Amino acid sequence: MTGFQADPLDALRLSPGSQRPRRLRRTATLRDLVRETTLAPDDLVCPFFVVPGHAVRNPVISMPGVSQLSVDLLTAEARELDSLGIKAVILFGIPSAKDPLGVESYAEDGVVQQAIRVLKDATPDLVVMTDVCMCEYTDHGHCGLLGPDGDVLNDETLEVLGRIAVSHAEAGADVVAPSGMIDGMVGAVRTALDADGLERVAILSYAVKYASAFYGPFRDAAEGAPAFGDRRSHQMDPGNAREALREASLDVDQGADALMVKPALGYLDVVRAVRERSELPLAAYNVSGEYAMVKAAAANGWLDERAVVLEVLTGIRRAGADLVVTYHAKDAATWLQERS
Ligand SMILES: [Zn+2]
């Protein structure tokens with residue numbers, strides 16, 4: 001022994017009274033207690049692709065675990081969602097026939113209109129939302145009526161959107177969700193609903209929808225890829241965030257009850273920005289490409305699907321979304337139930 005030797009770590013030790021954030025991470029219960037963002041099944045909205053026919057369950061190859069379903073299969077689906085604590089669905093329809101005017105989109109016995117009735121019969125408390133757009137119903141696959149030069153006509157399309165929304169609302173939809181990024185769509189839908197005595201029906205506007213390559217798998221599922229051209233004349237440029245706030249405020253002014261940002265993961269800054277600007281409930285759409293990436297990586301054993309999905313959905317909520325529309329809804333709800 002050569003006398004006292006200072007512990008070389010002493011110089012590095014925190015002094016008494018130091019800030020130690022790890023104290024609150026020490027146990028699972030402490031972490032639960034101070035968690036800022038929660039995720040629950042009733043934060044999730046489950047999308048369905050409804051097709052004509054009976055006992056049809058067509059798997060969507062690019063979206064493993066997702067199938068197009070015929071109306072008769074929806075009762076069982078609704079009961080399953082109920083048992084999982086999921087409170088809302090959003091419906092997309094694939095019609096029996098497409099045409100330039102998309103007339104089946106507002107047919108009383110259209111596939112979505114039938115689906116709404118079946119779901120509300122089976123589970124009256126389930127919140128049924130519907131996508132209101134023309135692209136699944138037109139043979140050209142565009143989100144509106146086309147002019148002679150192939151442009152999507154804006155104001156002419158508004159009248160059709162109003163008819164679609166009214167037909168969904170009359171079938172029993174709780175929320176209609178115009179998604180085509182047509183200028184004035186929220187006001188046109190509100191006016192049409194109110195003129196038909198459907199003031200009670202809410203509008204969730206796809207207020208901020210980007211022209212995104214992440215929609216690729218959805219176009220397989222909804223069979224709505226444009227036959228020519230793209231949607232960049234109406235959907236937003238991925239580089240723009242200030243424009244998102246403009247779009248959101250226009251929709252608020254037109255009477256939107258809730259707003260949506262789509263896609264979610266590449267646009268979490270936009271979710272946060274809209275959250276801070278508007279008091280309305282905010283949804284974010286965890287789109288098909290985001291889903292497909294996780295599924296593909298998990299299938300290869302490159303990611304832990306369960307952990308990644310719950311982290312992704314929590315991240316979208318943390319960015320400011322109240323609701324998350326996601327194809328992971330049933331899996332996530334199952335895992336959340338197991339965890340609690
Ligand atoms: Zn569309």
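This is a predicted model: local features need pLDDT of at least 70, side-chain atom pairs count only at pLDDT 80 or more; totals for chains, interfaces and linings use all residues.
Me: About how much space lies in the largest pocket, and which residues are the closest to its centre?

Reply: The largest pocket holds about 360 Å³ of space. It is lined by 21 residues, and the closest to its centre are Met181, Ile182, Asp183, His234 and Glu247. Two elements, E7 and helix H7 (242–253), each give two or more residues to this lining. H7 gives the most, with 5 residues.

Me: Which element gives the largest share of the lining of the second largest pocket?

Reply: That element is E1, with 4 residues. The second largest pocket contains about 270 Å³ of space. Among its 14 lining residues, those closest to the centre are Gly65, Val66, Ser67, Tyr327 and Lys330. Strand E1 (44–51), strand E3 (67–70) and H11 are the elements that give two or more residues to the lining. By class, the lining has 8 nonpolar, 2 polar and 4 charged residues.

Me: How many cavities of 30 Å³ or more does the structure hold?

Reply: A cavity differs from a pocket because the probe fits inside a cavity but cannot get out, whereas a pocket is open. The structure holds 1 cavity of 30 Å³ or more. About 90 Å³ of space lies in the largest cavity. Of its 13 lining residues, Cys135, Lys209, Phe218, Arg231 and Lys262 are the closest to the centre. Strand E7 (202–209) and helix H6 (216–222) each give two or more residues to that lining.

Me: What is the division by class in the lining of the largest cavity?

Reply: The lining of the largest cavity has 5 nonpolar, 2 polar and 6 charged residues.

Me: Where is serine 179 placed, and is it buried or exposed?

Reply: Serine 179 lies in the loop between strand E6 (175–178) and helix H5 (185–195). A residue counts as buried under 20% relative accessible area. Serine 179 has 1% relative accessibility and therefore counts as buried.

Me: Which residues does serine 179 touch, not counting residues up to four places away in sequence?

Reply: With those sequence neighbours set aside, serine 179 touches Asp131, Val132, Cys133, Met185, Tyr206 and Lys209. With aspartate 131 there is also a polar contact, side chain to side chain, at 2.9 Å.

Me: How far apart are the end C-alpha atoms of helix H9, and what span should its residues have?

Reply: One can compare an expected span with the distance between the helix ends. Helix H9 (residues 288–299) has 12 residues, so at 1.5 Å a residue it should span 16 Å; its end C-alpha atoms are 16 Å apart, which agrees.

Me: How many residues of H9 are buried, and against which elements do the buried residues pack?

Reply: H9 is mostly covered, with 9 of its 12 residues buried. The buried residues are Ser288, Gly289, Glu290, Tyr291, Ala292, Val294, Lys295, Ala297 and Ala298. They pack against H6, strand E9 (282–286), helix H10 (305–319) and helix H11 (329–339).

Me: Which glycine follows H9, and what is its phi?

Reply: Glycine 301 follows H9, and its phi is positive, near 75°.

Technical notes: Residues are numbered from 1 along each chain as its sequence is written. Side-chain values use heavy atoms; hydrogens and water are left out. On a 1 Å grid over the protein atoms alone, a cavity is a set of points where a 1.4 Å probe fits but cannot get out, and a pocket is an open set with protein on both sides within 12 Å along at least five of seven lines; lining residues have an atom within 4 Å of a point. Grid points are joined across faces, edges and corners, and a volume is the space filled by probe spheres set on the points. Ala, Val, Leu, Ile, Met, Phe, Trp, Tyr, Cys and Pro count as nonpolar, Asp, Glu, Lys and Arg as charged, and the others, Gly among them, as polar. The expected span of a helix is 1.5 Å times one less than its number of residues. Buried means under 20% relative accessible area, exposed over 50%, partly exposed in between (1.4 Å probe, protein chains only). Contact means heavy atoms within 4.5 Å. A polar contact is a pair of N or O atoms within 3.5 Å; within protein, one must be able to donate a hydrogen and the other to accept it, and residues adjacent in sequence count only if both atoms are side-chain atoms.
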